[in-house]
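Subject: Structure for you to look through

Hello,

Here is the structure I promised to pass on. Please open it alongside this note.

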Amino acid sequence: MLLFRKVMLATPDGIVPGELLVQDNKIADFGASLGRPDGAEIIEAHGAVLCPGLVDMRVSLGEPGYEYRETIESAAQAAAAGGITSIAVLPDSKPAIDDPALVRFIKARGEEIGSVTLIPYAAATRGCKGEELAEYGLLKAAGAVAFSDGRKVIASSRMMRRALSYASGFGARIVQHPEDPDLAAGGAATEGARATMMGLPGIPAAAEAIMVARDIRLAELTNGAVHFAHVTTAEACALIRQAKDKGLKVTCDTAPPYFDLNETAIGDFRTYAKFSPPLRAESDRLAVLAALADGTIDAIASDHQPRDADDKRLPFAEASSGGAGLATLLAVTLAQVQAGTLTLAQALALLTEKPAKWLGVEAGILRKGAAADLCLFHPDRSWRVEAGKLPGKAQNTPFDGRALEGRVLGTWKAGRRVFG
Amino acid sequence: MWSNHVLMTNRHLLGIQGLNPPAITSLLDLAENYVLLNRSGKTQRDLLRGRTLINLFFEDSTRTRTSFELAGKRLGADVINMSVSTSSVTKGETLLDTAATLNAMNCDLLVVRHSQSGAPALLAQKVEASVINAGDGTHEHPTQALLDALTIRRRKGRLDGLTIAICGDIAHSRVARSNMLLLSMMGNHVRVIAPPTLMPAQIGSLGVTPYNDMVEGLKGADIVMALRLQKERMNKGLIPSEREFFAFYGLNAEKLAYAKPDALVMHPGPMNRGVEIDSAVADDPARSVIKEQVEMGVAVRMAVLDMLAREGI
C-alpha cells in the first residue's frame, strides 16, 4: 500500500488538493482525505502534482535495428525519468513492424521490461515502402493500435486512399507523416530567411499543407480516419480545424520542438536542431500553440528519435533528423503553462488523457480500479537540460543548456516505483 | 597599414556573416598593401615561415586553390594541397576523421572547400588550425566577396553608396551570398537579378532588392556581377534551356547599356561564355575587371592569412 498525501491531484474534474491510495498495483481511492490506512507507505509531497503516467503517442525506438542509437531498455529508462508510463512505438524500425509476430515482439519487450507499456503501431504498407497494403486485420488482432509508415510519408494518393479505405473496415486509423515528398526532396531546413542565409535547401511550409489537404479529402472520400503526426504549420492547423468542424475523422498531434523552438534554433548549422519536418518560422510556432490551446491538436507526443553523435556530426544537409524527447516532454510542455498559453489541466490532458483515448488504451486518467501508472512532479522546481547527462542512451536533445521548470520526482508503473 | 582597433576577432574565417565593417576595412587596407608589394616583385616574405597551410579541397577548383597556394607561398608558409574527391568519401564521416589527421600534422591554417553548406564550420569545431572557408555548398565564399570588394574599392574609390547588380543563379551561389552580405553591410544598394526559380526564398531579408527583369535591375547600376550558371541546374529543371537563360539573363552589351556608362563588369569565374555572359562584354577592357579580380584574389588571401596567423580577424 502506498499513500500520496498533500499532493495536487490531476483528476478528470480538475486539479485539486488531496490524497491517493495505491493498493494491489491499482488506484484504490483518491479524494480530499483518506485517513491513515494501516501499513501504508506514505509519500508527502507539498505542492507537487500527481497525475496519470504520461502517454506518449509517438516514439521511435532504436530496437530493433539501430541498437547503437538506443535499446528498448534504455528508452524505458528515459521514459520513466520523464514520467511516461506508456509509449506508442513507430513501426519503421529495421525490420519494419509489418508482421503480427513483430507486433507481439514489441509488446512482449515492454512486458519484459515492465516499467513502460509499449503500444505498437504497425506498418501501413509492407516494409513501410508505400507500395502494398499491410495485413491490417491480423496486425490489429496481434495488438497494433494504428497503421503508419512512421517517418515516411505515404506518398501515393492511390495507396493512401486504399489504406484509409481498408483500415476503416477494421475501425483503424492511418497515421500520416504529412509532407509532400517532391516538394521536400533534398530539403534540410524550412524554406525562408534562415535557410536562404545559410545556403541550405529549403522545405516550404506548403509541403505540409498540401499533404494535409490531400489526405483530408481522401478521408472524406473513403470515410476513413486519418491522423496527422507532428503538425508544424499554421496552414496545416487551419486545414485540420476546418476538417474537424466538418465532422471528418481527422486528428493530429505535435511535438515540443515545434511549439518551443523555431527555425533560428539551427543557428550556425546546429544539427541537433535538425528535424523532419523541419523547425518552422515563428509565425508557425505561434499558430501551433494556438491550435494546442483551442483543441485543434489532439495530443502532444515526444516524437522521440534517438540518434548518436555520428548521425549528427555531419554537414547539416547530410546529418540525420530527429531529437531525443522522452526526458524533456513534460517540462518543455509545462513551459507553456508558465507562459500562460495552456492551463495546467490542458497541458496534462494533452499528455495523458487525450492520447490514451486516441490510442484506446486504459491509461491516462486517474480512476479508481485503474492500474496505478502515476507521475509525481513539481511544477516549479527547475533543472537544466544537459546533453550527455540525460537518462537513457540517446542524448540528441535540441534543448541542450535550457533551464526548465517542472521536475519529475517519481514515476510509478502499476504501483511499482520505476523512477525517483 | 591595417589598424588594431577591430573589436571582434575570429580565429577562423567561415563567412562574411560574423564580420563587421571595421574588420572588413582593415582586411582590405592590408590587402591593398599586398597588391603594391606583389606588383613590386618583392613577394617573398617570411611572415608565415615554419607554418603549415593545407588546402583541403573536397570539390574541384583550380583558381581558388592556386590563389591560396600562391598567397601562402608568398608569405613563406609550407603549403600542402590535399584534394579529396567526394566520390571516394563515404559522406561526411571522413570529414571528422580528416580533422583528426590534420590535428596530428600540426596544421596552422586550413583552407577548406566542400560541397556541403556548413562543412567548414563543422571542421572548425574539431581542428586546432584556423579554418578559412574557400566555398561551402551554397552558403558562403568569403574570400571571393573580399576580393570583389577590393576590386570595386580600387576602381571606384569607395565601397559605399554604390548600386550593385548581381545577376544569375542567386539561389545556388555562395559567391552571391557572401557578396550580398558584405556589400550591403558596407552601405551599398544591392540588387539581385534572377528568374524566380533561381531566386531564394525571402531574399529581401538579406537587405537586397530582387528583380526578375534584368533590364530593370541593371538600370543605373555602378557594378554588374554575373554569376556562373551550373549545368546541373538545368538538369534539375529550374530553367528550360541555356539559350532561354542567355536571352533573358545573359549579360551582353545591349543589356549592359542600361547600367551606368562607367559600370564595371565582374565575374567570379570560370565563365560560361554565351550562357551568363557574352564574350564581347567579358573581354571588353573598358568595362571588364575580371582579370583584375584574379590579381586581387591573391592579395586578399595574403591579407586573410596574415591576419589569422597574427591575431585573428
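In which loop of chain A is the place of A414(A)? That residue sits between β18 (403–413) and β19 (416–419). Helices (H or I, at least four residues) and strands (E, at least two) are DSSP runs, numbered from the N terminus.

A word on the source. This is a predicted model, where local features need pLDDT of at least 70 and side-chain atom pairs count only at pLDDT 80 or more, while totals for chains, interfaces and linings use all residues. Residues are numbered from 1 along each chain as its sequence is written, chains are lettered from A and ligands numbered from 1 in the order in which they are written, and side-chain values use heavy atoms, with hydrogens and water left out.

Start with the general rule. Most residues other than glycine have a negative phi, and most peptide bonds are trans.

A414(A) is not a glycine, yet its phi is positive, about 45°. A414(A) is partly exposed, with a relative accessible area of 28%. Buried means under 20% relative accessible area, exposed over 50%, and partly exposed in between (1.4 Å probe, protein chains only).

D24(A) is not a glycine either, and has a positive phi of about 50°. D24(A) lies in the loop between β2 (14–23) and β3 (26–31) of chain A. D24(A) is exposed, at 65% relative accessible area.

Now the cis peptide bonds. One joins K94(A) and P95(A), with omega about 5°. P95(A) is in the loop between β7 (84–89) and α2 (100–113) of chain A. Another runs from S276(A) to P277(A), with omega near -5°. P277(A) is in the loop between α9 (256–260) and α10 (282–293) of chain A.

**A buried glutamine**

Is Q176(A) buried or exposed? Q176(A) is buried, with a relative accessible area of 1%. Q176(A) belongs to strand β11 (residues 173–176) of chain A. A polar atom of the Q176(A) side chain lies 2.8 Å from the backbone nitrogen of I154(A). Leave aside neighbours within four places in sequence, and Q176(A) is in contact (heavy atoms within 4.5 Å) with residues including K152(A), V153(A), I154(A), M160(A) and F228(A).

**Chain A as a whole**

Chain A has 14 helices and 19 strands. Its radius of gyration, taken over C-alpha atoms, is 21 Å; a compact globule of 420 residues would have one near 22 Å, which agrees. The globule rule is 2.2 Å times the number of residues to the power 0.38. The C-alpha atoms fill a box of roughly 65 × 45 × 45 Å, along the principal axes. Of the 420 residues, 59% count as buried. Residues 24 or more positions apart account for 74% of the contacts in chain A with a separation of 6 or more.

**Chain B as a whole**

How many helices and strands does chain B have? The count is twelve helices and nine strands. Chain B has a radius of gyration of 19 Å; a compact globule of 313 residues would have one near 20 Å, which agrees. The box for its C-alpha atoms is roughly 55 × 45 × 35 Å, along the principal axes. Buried residues make up 58% of the 313 residues in chain B. Residues 24 or more positions apart account for 74% of the chain B contacts with a separation of 6 or more.

Best wishes

Technical notes: A polar contact is a pair of N or O atoms within 3.5 Å; within protein, one must be able to donate a hydrogen and the other to accept it, and residues adjacent in sequence count only if both atoms are side-chain atoms.
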